[in-house]
Structures are given as C-alpha cells and as structure tokens.
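The sequence and the model come first, and the description follows.

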Amino acid sequence: MSEMFVVAHISDLHFNGSEHHRSRVESVLHYINSRAEGIDALLITGDLVDRGTAAEYDEAFETIHSPLPTVITIGNHDDREHYNDRFRHDPSLAHANSSLTVNGVQLLLVDSSIPGRAGGYIDDDDLDWLEDQLHDAEPGTPALVAFHHPPVTVHMSYMDTIRQTGEERLAELVDRYPNIVAFLCGHIHSAAVTTFAGRPLCVAPGVSSTLNLPFEGSGVLNEGQPPGIAFHLIGDDNRIVTHFRAVMD
Ligand SMILES: [Fe+2]
Ligand SMILES: [Fe+2]
C-alpha cells in the first residue's frame, strides 16, 4: 500500500428524471473527479435510482462518470435486472456483489437488497461469496465490507424498521476475519458513524436528500441539507478515518 488508501463513498443517488437529483449527483462527482489523483476508488452503496425503471438506469448510466475504479452495489429502490442490464451487461451475475483490490485494500460489496422489499438481508449465497473473497485474499489484507442496509438500528424510527436483518450471521463470519477494518453502507440518508460486530460502521450521507432525526423536524426530508461524500482513509496502521464533506452547487 502506498502512503494512504482513500475511497470516496457516495450513496442514495435516487435518479428519478428530476434536475434536482441529477444536479446533486453531478456536484458530488465533480468534487470527487477533480481530485481523483489523490483517491483510489469510488464506492456507491445503492439506491442508484428511485423506482427501478430502465429509463432511470439510462439516466444514471449517462451521468455516473469517473476516472476512478468504480464499484457499485444496489439498494431497496433498485431493480436488480435493470441494474444488471445497464451496468453489468452480464445476466449470469445474479446479485450485485463485487470485489476490487486497489492500493493494498480489498473492497467487498455485498448485495443486501431483497427484490420487492424495503428491508435488507444478505442471503446465504452472498455470505458464502463474501467469506470466499476474504479467505482467498492475501492474509492480513485490510478489507472494507460495503452493503446498502445498515445491520443495526440508528434511532430513525422508520429506517429502523427496514434495516438489514439476519445480521448475526454476518457478525459470526466477521469474527473470523480481524483484517476487516470497517463496514460501509447507505440507505438512511444521514451521515452517521456507529459500530457493528466490534468494527466501525460508517454511513455515507444521502446525495439525493437527507432525512430528519426525530428532533429535527416533523417532515421526512431535511430540506436544507446539501449532498455529501464520505472519504474513508486507511493508513499504514490499517485504521480507518472517515472525513465527511458537504458539497455546495
Ligand atoms: Fe435511499
Ligand atoms: Fe435504501
């Protein structure tokens, strides 16, 4: 690993044909892409689009451009088939898992979406895939494990009803891999930091919108918040430091 590993993490783009959402995505991508020389990868943790239509994926595909190696997984607003058609071009890839090793860090993206459901669950095949990836890596390689749905509650009453469940199976796997540095996710449209299975769990801000905490307002959306990015940095001590950035238009 050169001096420092950096991944730019964005989430919940929710392309829906509106100029508002598209321009927020363009703003964060411009911020990241114009600093690409110092960044190793771009990570997008799902809810690329809002309703899962082919037209929304066309818009997402036309807008998401970066010189960085880019890895994406999907969320509850995504449609696995339309996503695969537009972004992967390989019908054999049933689930949106992917693995990228760059600058000495293994980025592992696991599909936590359940077709037709808002909540999340990593099914057994995908957990097996994750374990295979961890097992086959060079021993001691620092790993970041990313998915859409947080596997813990976050004190957001609706989001807590549609979090990732079955998380004890993931925690059990994680116990065998001390080289997992942190978990990365999205879904709650709120930059947040907590822990899961004894490791940091960092949630990217929502690009399309931010959701209110119970004491912030009675509406669902926190209208005043700009789109944002989480930059996750890993140094020689294999410890994660996350810096959040809000991006003004
Ligand atoms: Fe979302
Ligand atoms: Fe979501």
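Buried residues have under 20% relative accessible area, exposed ones over 50%, and partly exposed ones lie in between (1.4 Å probe, protein chains only).

## Basis of the description

This is a predicted model, in which local features need pLDDT of at least 70 and side-chain atom pairs count only at pLDDT 80 or more, while totals for chains, interfaces and linings use all residues. Residues are numbered from 1 along each chain as its sequence is written, chains are lettered from A and ligands numbered from 1 in the order in which they are written, and side-chain values use heavy atoms, with hydrogens and water left out.

Helices (H or I, at least four residues) and strands (E, at least two) are DSSP runs, numbered from the N terminus.

Rings of Phe, Tyr and Trp (its six-membered ring) pair if their centres lie within 6.5 Å; planes under 30 degrees apart count as stacked, over 60 as edge-to-face and the rest as tilted. The structure holds 7 aromatic pairs. One of them joins Phe61 and Phe87 in an edge-to-face arrangement, with 5.3 Å centre to centre and 85° between the planes. Phe61 belongs to helix α2 and Phe87 to helix α3, so this pair ties together parts that are 26 residues apart in sequence. Phe61 is partly exposed, at a relative accessible area of 31%, whereas Phe87 is buried, at 18%.

The rings of Tyr83 and Phe87 are stacked, because their centres are 5.4 Å apart and their planes are at 15°. Both residues lie in helix α3, 4 residues apart, about one turn of the helix. Tyr83 and Phe87 are both buried. Together, Tyr57, Phe61, Tyr83 and Phe87 form one aromatic cluster. Helix α3 also holds Asp85, which is exposed, with a relative accessible area of 54%. The C-alpha atoms of Asp85 and Tyr57 are separated by 9.0 Å, and the two residues are 28 residues apart along the chain.

## The two faces of α2

Which residues of α2 are buried? They are Glu56, Tyr57, Glu59, Ala60 and Thr63. Seen down the axis of α2, these residues fall within an arc of 155°, so they line one face of the helix. The arc is that of the directions from the helix axis to the C-beta atoms.

The face turned away from the buried side of α2 carries the exposed residues Ala55 and Glu62. The cover over the buried residues of α2 includes α1 and α3.

## Nonpolar cores

A nonpolar core is a set of buried Ala, Val, Leu, Ile, Met, Phe, Trp, Tyr and Cys residues joined through side-chain atoms within 4.5 Å. The largest one has 29 residues, of which Ile10, Ile32 and Leu48 touch the most other members. Elements giving two or more residues to this core are β1 (5–10), α1 (19–33), β2 (41–45), α2 (54–63), α3 (80–88) and β12 (228–234). The largest share, 4 residues, comes from α1. Apart from this core lies another of 27 residues, among them Val110, Ala143, Leu173 and Leu201.

Contact means heavy atoms within 4.5 Å. Leaving aside neighbours within four places in sequence, the contacts of Ile10 include Val28, Leu29, Ile32, Leu42, Ala204, Val207 and Ile229.

## The two iron sites

Donors are N, O and S atoms within 2.8 Å of the metal (3.2 Å for Na, K and Ca); water is not among the atoms, so sites may look incomplete. The iron ion (ligand 1) is coordinated by Asp12 (OD), His14 (NE2), Asp47 (OD) and His189 (NE2), at 2.0 to 2.3 Å. Four donors count as tetrahedral if all angles lie between 85 and 135 degrees; four count as square planar and six as octahedral if opposite donors are over 155 degrees apart and all others between 65 and 115; anything else is irregular. Angles of 88 to 175° among 4 donor atoms make the arrangement around the iron ion (ligand 1) irregular.

Asp47 bridges the iron ion (ligand 1) and the iron ion (ligand 2), which lie 3.5 Å apart. Asp12 sits in the loop between β1 and α1 and Asp47 in the loop between β2 and α2, so this pair ties together parts that are 35 residues apart in sequence. Both Asp12 and Asp47 are buried. His187 is buried too, with a relative accessible area of 2%.
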